[in-house]
There are 2 protein chains.
Amino acid sequence: MKFVNAAVVGAGLVGSGWAIVFARAGLSVKLFDASGDIRAGALAGIRRSLADMADHGLVEDVEAIAGRIEVVDSLVEAVRDADYVQESVFERVDVKQAISLEIGAAIRDDAVVGSSSSGIPSSAFTEKAPRRSRFLVVHPVNPPHLVPLVELVPSAWTDPAILPWLREAMEGLGQVPIVVNREIEGFILNRLQGALLNEAWALFEAGLASAADIDRTVAHGLGLRWSFMGPFETIDLNAPGGVDDYARRLGPLYHSIAQDRHNPKPWSEDLIARVAGERRAALPASELPARSEWRNRRLMALVSHRRGQPEK
Amino acid sequence: MKFVNAAVVGAGLVGSGWAIVFARAGLSVKLFDASGDIRAGALAGIRRSLADMADHGLVEDVEAIAGRIEVVDSLVEAVRDADYVQESVFERVDVKQAISLEIGAAIRDDAVVGSSSSGIPSSAFTEKAPRRSRFLVVHPVNPPHLVPLVELVPSAWTDPAILPWLREAMEGLGQVPIVVNREIEGFILNRLQGALLNEAWALFEAGLASAADIDRTVAHGLGLRWSFMGPFETIDLNAPGGVDDYARRLGPLYHSIAQDRHNPKPWSEDLIARVAGERRAALPASELPARSEWRNRRLMALVSHRRGQPEK
């Protein structure tokens with residue numbers, strides 16, 4: 001299957017990031033959003049992101065990349081010739097169901113449709129869609145043009161031939177795809193994030209450490225190795241005999257820790273207010289947008305740094 | 001309290017790393033190990049680490065730093081004049097108990113003794129030690145001269161005046177200390193790591209993804225942001241209204257995910273063998289040492305990169 005024409009449905013932050021991913025790799029991109037205001041502003045936002053990326057040496061010719069992205073006024077026009085459609089609309093089942101019906105009715109028989117859904121399996125919103133075997137979840141990390149990981153999650157009716165093709169196609173775009181073998185709530189990424197978050201909230205709730213100190217534990221401790229190798233490789237290198245040596249030494253500790261959390265509670269309103277209180281004392285709400293820009297600059301600098309590093 | 005003379009008891013990888021941390025900051029370091037072979041090789045290993053660090057621009061004068069480290073032949077000689085003692089012997093309760101008795105008998109009344117224990121609270125091995133109010137856990141990440149996070153964990157009998165002094169002293173060394181307000185198994189860092197690891201093993205056991213794909217999810221996804229900001233700040237920037245907005249949107253998903261894990265099982269021998277099988281197919285055991293050297297080079301390059309980045 002060829003991969004020349006891409007469509008993006010939903011032109012918010014995630015959809016705009018996908019448009020950059022496709023156009024950066026040389027594809028022609030048609031971008032649609034149901035909101036005329038969002039359509040009108042999309043290309044300007046994309047140009048700003050590309051200019052920032054150029055400042056960090058991540059792209060060269062901003063105009064050439066932006067020039068491959070066309071904002072179109074109808075969903076049908078966006079998707080009818082596409083080899084691949086990335087759906088990035090608001091994450092609510094009914095919204096995803098409605099857009100999947102529209103997309104399925106308009107695509108070619110051999111097109112593939114990936115949804116940016118971060119937690120809802122595609123079987124929950126593609127069951128009644130025309131050509132439903134062409135749909136799956138293709139979940140990026142925000143923003144997709146800076147963080148390369150992509151989760152491919154097929155439903156029970158996704159054509160299995162799509163997976164090897166899409167894995168290779170995503171690698172060709174410079175993304176790092178993984179395959180989740182069957183649907184599970186939260187997929188892999190948000191389940192891993194959720195496990196760490198649940199422990200972080202529980203430690204804060206028990207008064208064991210401040211949110212700032214828990215954040216430092218990751219930002220100046222755990223997160224350094226995890227920015228270039230995963231949890232299995234990390235422990236594989238942390239015992240002389242490798243991962244099995246490590247698991248036999250430390251498995252009992254981790255099992256004991258897990259048993260403390262056998263009755264998980266929701267994050268209560270009171271707990272949320274206490275964490276939010278500490279965060280707002282450290283960073284007023286009015287400074288959240290500037291801090292997000294700092295995060296994006298740090299991510300760009302990190303991505304640039306990673307490019308120069310050997311993988312072995 | 002002054003902080004001029006440091007002692008390190010136990011000259012393995014962790015103890016040698018601590019010696020570098022102290023000497024790099026200009027302190028005089030006395031280093032002791034019960035093994036004559038380890039004592040004989042310690043300074044050569046430290047010089048190799050310092051030379052690698054110099055190659056990455058992390059230190060300048062290798063000989064001046066190494067020259068501040070003296071390997072001594074007795075524990076008493078190492079600790080008797082020390083302002084601060086870092087104990088880094090093998091992590092087993094009986095071993096830590098015995099060395100704490102010896103250290104407590106030999107130190108000055110106003111010295112502070114930190115244990116590198118990664119999971120055992122100090123109350124389990126300092127109860128009978130002389131001057132037990134001077135002991136606490138000071139848990140680094142391996143290697144301490146590259147990953148700056150340090151957990152300070154007092155026992156019930158640790159003199160509370162030590163904590164503010166030690167937090168400032170560790171910051172003066174270039175480490176990033178956090179305070180764990182009371183003892184808990186695994187402290188903060190390994191509890192967070194354990195939560196993510198337990199989910200990773202469970203996802204692998206259920207056949208949802210390969211160990212390699214789970215590793216990619218962290219190394220090319222979650223770990224990028226976590227290498228410069230912690231989990232609370234990450235979610236604070238991932239919803240327009242901040243952490244409370246995020247918690248209300250996604251708390252129910254994470255609670256639902258946690259409920260899947262209400263009955264945590266130990267990692268079985270069969271499961272360990274399957275993970276180890278995948279890892280050994282990817283990296284033969286004979287290549288573990290070379291891969292650990294790659295990890296250290298990546299860490300050094302990352303630390304060098306981080307130094308040039310603005311914190312806001």
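This is a predicted model: local features need pLDDT of at least 70, side-chain atom pairs count only at pLDDT 80 or more; totals for chains, interfaces and linings use all residues.
Local features here need pLDDT of at least 70 and side-chain atom pairs count only at pLDDT 80 or more, while totals for chains, interfaces and linings use all residues. Residues are numbered from 1 along each chain as its sequence is written, chains are lettered from A and ligands numbered from 1 in the order in which they are written, and side-chain values use heavy atoms, leaving out hydrogens and water.

**View 1. The interface of chain A and chain B.** Here 110 residues from chain A meet 110 residues from chain B, where contact means heavy atoms within 4.5 Å. The size of an interface is often given as the accessible area lost when the parts come together. For this pair the buried area is about 11,100 Å², with 65% given by carbon and sulfur atoms; buried area is the accessible area (1.4 Å probe) that two parts lose on being put together, summed over both. A:Phe228, A:Phe232 and A:Arg298 supply 8% of what chain A buries against chain B, more than any other three residues.

View 2. In one of them, B:Glu199 pairs with A:Arg191 (2.8 Å, N to O). On the side of chain A that touches chain B, the residues divide into 59 nonpolar, 26 polar and 25 charged. Ala, Val, Leu, Ile, Met, Phe, Trp, Tyr, Cys and Pro count as nonpolar, Asp, Glu, Lys and Arg as charged, and the others, Gly among them, as polar.

**View 3. Helix α12 of chain A against helix α11 of chain B.** The two helices pack at an angle of about 150 degrees, their axes 8 Å apart, and are therefore roughly antiparallel. Angles run from 0 to 180 degrees between N-to-C directions, and axes are lines fitted to C-alpha atoms, for helices over the stretch in contact. Angles under 35 degrees count as roughly parallel, over 145 as roughly antiparallel, 65 to 115 as roughly perpendicular and the rest as oblique. Helices (H or I, at least four residues) and strands (E, at least two) are DSSP runs, numbered from the N terminus. Look for A:Ile272 and A:Arg279 among the contact residues of α12(A), and B:Asp244 and B:Ala247 among those of α11(B). This contact has five nonpolar, no polar and five charged residues.

**View 4. Helix α8 of chain A against helix α11 of chain B.** Here the angle is about 105 degrees and the axes lie 10 Å apart, which makes α8(A) roughly perpendicular to α11(B). The residues in contact include A:Leu197 and A:Trp201 of α8(A), with B:Tyr246 and B:Tyr254 of α11(B). They divide into eight nonpolar, four polar and one charged.

**View 5. A salt bridge in chain A.** A:Asp73 and A:Arg39 meet through their side chains (3.4 Å, N to O). A:Asp73 lies in the loop between β3 and α4 and A:Arg39 in helix α2, so the pair ties together parts that are 34 residues apart in sequence.

Conventions:
A salt bridge is a side-chain nitrogen of Lys or Arg within 4 Å of a carboxyl oxygen of Asp or Glu.
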